[in-house]
Amino acid sequence: MIARNITTELLRNLKPGNVTILFGARRTGKTFLMHKIVDSLKDKKVLVLNGEDFEVMEVLSSGKQSVLKSLVANYDYLFIDEAQNIPDIGKNLKLLIDSVPDLAIFATGSASFDLRNKVGAPLTGRSRFFYLYPFSFSEISDNYITALQQLPINIIYGSYPQVFLEESVKEKRHILENLKNGYLLKDVLALDNLKDSMFVMDLLKLIAFQIGNDVSYNELARSLSTTVKTVKRYLEILEKAFVIFSLSGFSRNLRKEISKSPRFYFWDNGIRNAVISNFNMPETRSDMGKLWENYCISERLKKQQYNQTFSNFYFWRTYDQQEIDLIEEVDGRIFAFEFKWGDKSAKIPTAFKDNYLDSEFTVVNKLNMYEFLE
C-alpha cells in the first residue's frame with residue numbers, strides 16, 4: 001500500500017457545504033483513493049455513485065431540486081466518480097449544496113477540460129480543485145539508496161501505479177502501451193469530439209523528441225501538414241488531459257531573453273517512451289539528458305503542488321544560446337536548476353548571474369536528487 005501525499009489535504013477539505021474535486025489522468029489511482037477516503041468515514045452515511053452510469057447521469061443532470069434532495073436524503077457525504085460524464089454537473093451540485101447545506105461532496109474527473117468550467121462558475125467559493133498524478137518521487141522513495149536503486153526503472157517506465165507495482169518489465173511495457181492507446185487517447189479524443197487518433201500520436205511523437213527544446217508551432221504545423229491553430233488546439237487538449245504540460249520562457253525584459261516559444265514535457269516518462277516505442281535502459285540510450293530533465297521537472301512540479309508551494313515555473317534562454325533548464329519563482333525569490341544525468345558540472349550563465357543577483361543556482365544530478373525531489 002503506497003500512501004498518497006494528497007490524502008490528508010483532501011480529508012481536511014471534505015466538509016459540509018463544500019465540493020472537493022479531484023482531477024487526474026485515468027489510471028492514476030483516483031477511484032482507489034476515493035474509496036480509501038470512503039472507508040475512513042466509518043461512522044458516517046456515505047453515498048457513492050459512478051458518473052458513467054446512465055441512471056446516475058439522468059438523476060444528477062435533472063436540475064430538479066426535489067429529485068436531488070431525495071437522492072441524498074439522510075446522507076452525510078456524496079462521492080461521484082468520473083463526474084465529467086454528467087451534463088450540467090456544476091449547476092446540479094450547486095442545487096444540492098444550496099438545498100442540503102450539511103452535505104459534503106467529493107467528485108473525481110479524468111480530465112480538467114470540461115468539469116472545472118462546469119463546476120467552477122456555479123460553485124465559486126464553495127469548491128476546491130486538487131490534482132492526482134502518477135506516483136510521485138516522495139511517495140515511492142523511502143530513502144536515498146532506495147531512490148537510487150529504483151531510478152533506472154522509474155526513469156524509463158514511469159510511475160503510473162499499475163506500471164510501478166508490476167514487477168515484470170515485459171508487463172510494464174504492455175500496460176504502458178494499453179495506457180497510450182486506450183485510456184489516455186480515449187480522453188484526448190473525447191475532449192472535443194476528435195476522431196484523428198493518428199494525428200494525436202504524430203504530434204506527441206514530435207513533442208517527445210523535442211523535450212528541453214523551444215517548440216515552434218509553425219514547424220509543428222509544417223511537419224503535420226496542418227495549421228498553427230490546429231496544432232495549438234491539440235496541444236491544449238493534451239495538456240487538459242494530463243498527458244503533457246508546458247513551460248514558458250522567463251524574462252524580466254532583458255533584451256536577449258527569449259520568452260515567446262514554450263517547451264513541452266510529459267507528466268510521465270513511461271508515456272513518453274511508449275509514444276516513441278523506446279524502452280531501452282539508460283546505459284544504452286542517447287536521450288538520457290532529455291529523460292532526466294523531463295523526470296526532474298515533472299517530479300518537482302508534483303512535489304510543489306502536493307506541498308502547496310505556490311511556485312511559478314519557467315525555463316530561461318537567450319538569443320546567444322545561454323540557457324537554464326528550470327526557473328522556479330517563489331514569493332519573488334528565484335531558484336535556477338540545471339539537470340545533468342552524468343557527472344558533468346555546469347556554471348551559471350553569465351547573463352543570468354549578472355542580471356539576477358539574488359538568485360540561487362543548483363545543478364541537479366543523481367547525488368542530490370533526493371533533496372530536490374523529496
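## Exercises on pockets, sheet and rings

The second largest pocket holds about 490 Å³ of space. The model is predicted.

**Exercise 1.** Which residues lie closest to the centre of the second largest pocket, and which elements give two or more residues to its lining?

*Solution.* Start at the centre. Of 21 lining residues, Leu301, Gln304, Gln305, Thr309 and Ser311 are the closest to it. Next, take the elements. Strand S5 (127–131), strand S6 (244–249), helix H15 (288–306) and strand S8 (311–317) each give two or more residues. Finish with the classes. The lining of this second largest pocket has 12 nonpolar, 7 polar and 2 charged residues.

**Exercise 2.** Describe the largest pocket by volume, lining and class.

*Solution.* Volume: about 570 Å³ of space lies in the largest pocket. Lining: 26 residues take part, and Thr28, Gly29, Lys30, Phe32 and Leu33 lie nearest the centre. Helix H1 (7–13), helix H2 (30–40) and helix H9 (161–165) are the elements that give two or more residues. H2 provides the largest share, 7 residues. Class: the lining of the largest pocket has 11 nonpolar, 7 polar and 8 charged residues.

**Exercise 3.** What is the strand order of the open sheet of 5 strands, and which strands stand at the edges?

*Solution.* Write down the order: S2-S3-S4-S1-S5, with parallel pairing. Now look at the ends. Strand S2 (46–50) and S5 each have a single partner strand, so one side of each has no neighbour in the sheet. Neighbouring strands are turned by 15° against each other on average, direction ignored.

**Exercise 4.** Over how many bridges do strands S1 and S4 pair, and where does H2 pack?

*Solution.* S1 (residues 19–23) and S4 (residues 104–109) pair in the parallel sense over 5 bridges.

**Exercise 5.** Why is the ring pair of Tyr133 and Trp267 classed as it is?

*Solution.* The whole structure has 21 aromatic pairs. For Tyr133 and Trp267, the ring centres are 4.3 Å apart and the planes stand at 25°. Apply the cut-off: planes under 30 degrees apart count as stacked. Therefore this pair is stacked. Tyr133 is in the loop between S5 and helix H7 (137–140). Trp267 is in the loop between strand S7 (263–266) and helix H14 (269–275). The pair links distant parts of the chain, 134 residues apart.

Conventions. Residues are numbered from 1 along each chain as its sequence is written. This is a predicted model: local features need pLDDT of at least 70, side-chain atom pairs count only at pLDDT 80 or more; totals for chains, interfaces and linings use all residues. Side-chain values use heavy atoms; hydrogens and water are left out. On a 1 Å grid over the protein atoms alone, a cavity is a set of points where a 1.4 Å probe fits but cannot get out, and a pocket is an open set with protein on both sides within 12 Å along at least five of seven lines; lining residues have an atom within 4 Å of a point. Grid points are joined across faces, edges and corners, and a volume is the space filled by probe spheres set on the points. Helices (H or I, at least four residues) and strands (E, at least two) are DSSP runs, numbered from the N terminus. Ala, Val, Leu, Ile, Met, Phe, Trp, Tyr, Cys and Pro count as nonpolar, Asp, Glu, Lys and Arg as charged, and the others, Gly among them, as polar. Two strands pair if DSSP finds at least two bridges between them. Axes are lines fitted to C-alpha atoms, for helices over the stretch in contact, and angles run from 0 to 180 degrees between N-to-C directions. Rings of Phe, Tyr and Trp (its six-membered ring) pair if their centres lie within 6.5 Å; planes under 30 degrees apart count as stacked, over 60 as edge-to-face and the rest as tilted.
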